[in-house]
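User: I'd like to learn how to read the packing in this structure, one feature at a time. Could you take me through it?

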Amino acid sequence: MDAEKLLSSLGYATDETEFYAPMPAGYKPGKTKYVVVFGTVMSGLGKGIFSSSLARCLQDKGLTVAPIKLEGYLNIDSGTLNPYRHGEVFVLDDGMETDMDLGTYERMLDQDLSRLHFATSGQIFTRVLEKERKGSYLGRDVQMIPHVTGEVKIKLRELAVASDADVVFVEIGGTVGDVENAYYIEAIRELAFEEGPDSCAFVALTYIISPAQLGEQKSKAAQLGIKGLLAAGIQPHIIACRGQAPITRKVREKMALYSNVPIDRLFSMHDCESIYLIPDMLRGAGLDGAVIQILGLEDRIHPESEAAARQAWNEFVQRIRSARRQVRIGIIGKYTSVRDSYASIIHALEHAGAAAGAHVQIEWIDTTDMDQERAARELAELQGIIVPGGFGVRGTEGKIACIKHARENAIPYLGLCYGFQMAVIEFARNVCGLRGANSSEIEPECKAAVIDILPEQKRIEGLGGNMRLGGRDVEIRPGTLAATLFGGAERVRLRFRHRYEVDPRYIEQFESAGLLFSGKAPDHPIMQILELPGHPYFIGTQSHPEMTSRPLRPSPLFVGLVGAALGRDVGPVTALGAKA
């Protein structure tokens with residue numbers, strides 16, 4: 001009996017065996033290989049960046065790759081996480097709210113991912129308990145091993161089937177030694193055992209400490225982290241060493257001796273000017289070839305496709321490196337002390353800057369205590385501003401003050417989600433004269449709720465739901481700035497994460513006063529893009545275009561902002577944005 005039939009026959013047995021390894025329909029053991037990335041010493045080192053860069057190298061060779069992030073927290077998704085604690089919430093096209101690393105994978109691989117590519121302990125345990133309630137375990141007492149670890153393996157194999165991947169890249173969230181991810185690591189050990197030799201490549205991402213008072217790199221913490229991985233039954237094939245400066249050969253020799261990993265597979269992942277340089281760093285170190293060899297994939301690669309893919313990528317990287325012009329863009333928000341809160345915006349500006357041949361210098365401006373006088377002072381030296389998404393009351397009046405200053409002083413402006421809503425409120429108050437204008441989210445009993453949850457929307461969404469999540473089509477009005485930016489397209493697809501909309505009762509009044517809604521939901525009075533004719537660049541969108549910006553396909557709205565900022569002609573303007 002071959003391995004597939006053996007595991008399938010044992011997978012659903014009762015007390016005849018300790019195995020629990022059901023195979024998804026269509027799964028072929030040996031067809032898909034696995035690269036698993038673990039973190040040691042501490043979190044936040046860039047497992048997602050390393051994993052996606054290595055996946056990019058294999059994708060360029062013509063292999064089909066599929067990433068998945070396994071998170072240890074008990075939340076079902078990332079939607080309720082505070083940006084201060086966990087960075088931005090990244091929304092996939094199918095509406096799944098995920099960890100920010102999924103954004104890294106989408107940008108690096110130029111793929112639209114789905115809920116199949118993200119799992120939390122909350123999801124895993126929910127699936128196990130649902131099966132237990134249905135009697136799917138045939139009377140067995142449900143345990144971490146084999147049932148919970150079995151569910152993890154099912155999740156990975158389901159992705160392998162759905163994506164038809166040559167290689168699934170698995171990122172284990174957190175750090176080796178954490179209680180919450182220990183069962184993930186055990187599941188990976190079991191997976192490698194079940195799949196057989198040459199099925200898995202294990203990568204440990206660790207941190208080499210460089211205490212300033214000592215003046216040298218110290219590897220002891222990294223060694224102990226690898227020891228924890230070895231104790232869990234995982235022998236790494238590759239070790240990536242994070243550090244500010246290149247990791248010395250002496251340190252890498254120590255790590256090689258301690259871990260049984262050849263020194264040519266110990267990679268110095270030191271700080272560099274852009275994460276988009278890392279794929280070439282990996283190629284230069286020969287790690288892509290090492291993975292191909294470890295997994296026995298030599299007969300599946302296509303060198304001719306790699307040459308073309310590398311040329312396109314290298315042209316993008318060269319544009320980043322050769323940028324000579326500088327442009328200063330302000331990000332106006334309330335999470336500015338934690339840069340990961342706006343990770344996708346930072347990358348979208350980098351993509352747009354490369355397209356324009358410019359380096360974008362970001363200025364962070366907190367609006368918690370902002371007033372009109374301070375807004376004028378803070379924005380005086382900027383060439384453009386962005387008001388990003390957000391929730392809640394804090395900092396909203398400061399954002400409105402900054403938007404007013406940008407509108408009246410010809411400063412290029414891009415409003416994203418909440419920034420779109422704040423632009424509507426500012427226009428309603430200061431141009432249309434609606435003195436009590438606000439959002440019902442901020443002021444439930446306001447006199448003019450120009451931003452509100454719409455009864456129409458509730459009926460559209462069904463079952464009373466009012467959170468709009470994921471990719472949706474946007475109908476573009478011909479002859480507008482939005483139409484020009486999107487190359488004349490009549491419809492585009494953008495991603496959304498919001499509840500509140502422009503109240504349709506005010507749309508005619510706004511447009512009569514000079515505001516133009518250039519994008520809307522097809523067949524429904526839901527406004528999704530606004531612009532201000534006569535202003536150098538004043539555009540807002542209810543969507544999050546930063547989440548669909550890619551290195552080789554930058555977001556048109558960000559490209560437009562950077563281009564307008566580079567050509568900014570500072571001067572007094574009328575209240576509607578036309579030069580005086």
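Analyst: Gladly. Axes are lines fitted to C-alpha atoms, for helices over the stretch in contact, and angles run from 0 to 180 degrees between N-to-C directions. This is a predicted model, where local features need pLDDT of at least 70 and side-chain atom pairs count only at pLDDT 80 or more, while totals for chains, interfaces and linings use all residues. Residues are numbered from 1 along each chain as its sequence is written, and side-chain values use heavy atoms, with hydrogens and water left out.

User: At what angle do helix α2 and helix α4 pack?

Analyst: Helices are DSSP runs of H or I with at least four residues, strands are runs of E with at least two, and both are numbered from the N terminus. Here α2 (residues 47-60) and α4 (residues 101-109) pack at about 25 degrees, their axes 9 Å apart. The two are therefore roughly parallel to each other.

User: Which residues make the contact between α2 and α4?

Analyst: Contact means heavy atoms within 4.5 Å. On the α2 side the residues are G48, I49, S51, S52, S53, A55, R56 and Q59, and α4 brings D101, T104, Y105, M108 and L109.

User: Now the core. Which residues of the largest nonpolar core touch the most other members?

Analyst: A nonpolar core is a set of buried Ala, Val, Leu, Ile, Met, Phe, Trp, Tyr and Cys residues joined through side-chain atoms within 4.5 Å. Buried means under 20% relative accessible area, exposed over 50%, partly exposed in between (1.4 Å probe, protein chains only). The largest core has 47 residues, and Y34, F38, L70, V168, V170, I172 and I188 touch the most other members. Helix α7 (residues 182-195) gives the most to this core, with seven residues. Leaving out residues up to four places away in sequence, V168 touches T32, K33, Y34, V35, A66, I68, L159 and A160. A second, separate core has 42 residues, including V387, Y418, M422 and V424.

User: And in the loops, is S274 buried or exposed?

Analyst: S274 sits in the loop between β9 (266-270) and α10 (278-284). Its relative accessibility is 4%, so S274 counts as buried. Beyond its neighbours within four places in sequence, S274 is in contact with I320 and E350.

User: Where is H544?

Analyst: H544 lies in the loop between β21 (538-541) and α20 (556-566). H544 is buried too, at 8% relative accessible area.

Note on methods: Angles under 35 degrees count as roughly parallel, over 145 as roughly antiparallel, 65 to 115 as roughly perpendicular and the rest as oblique.
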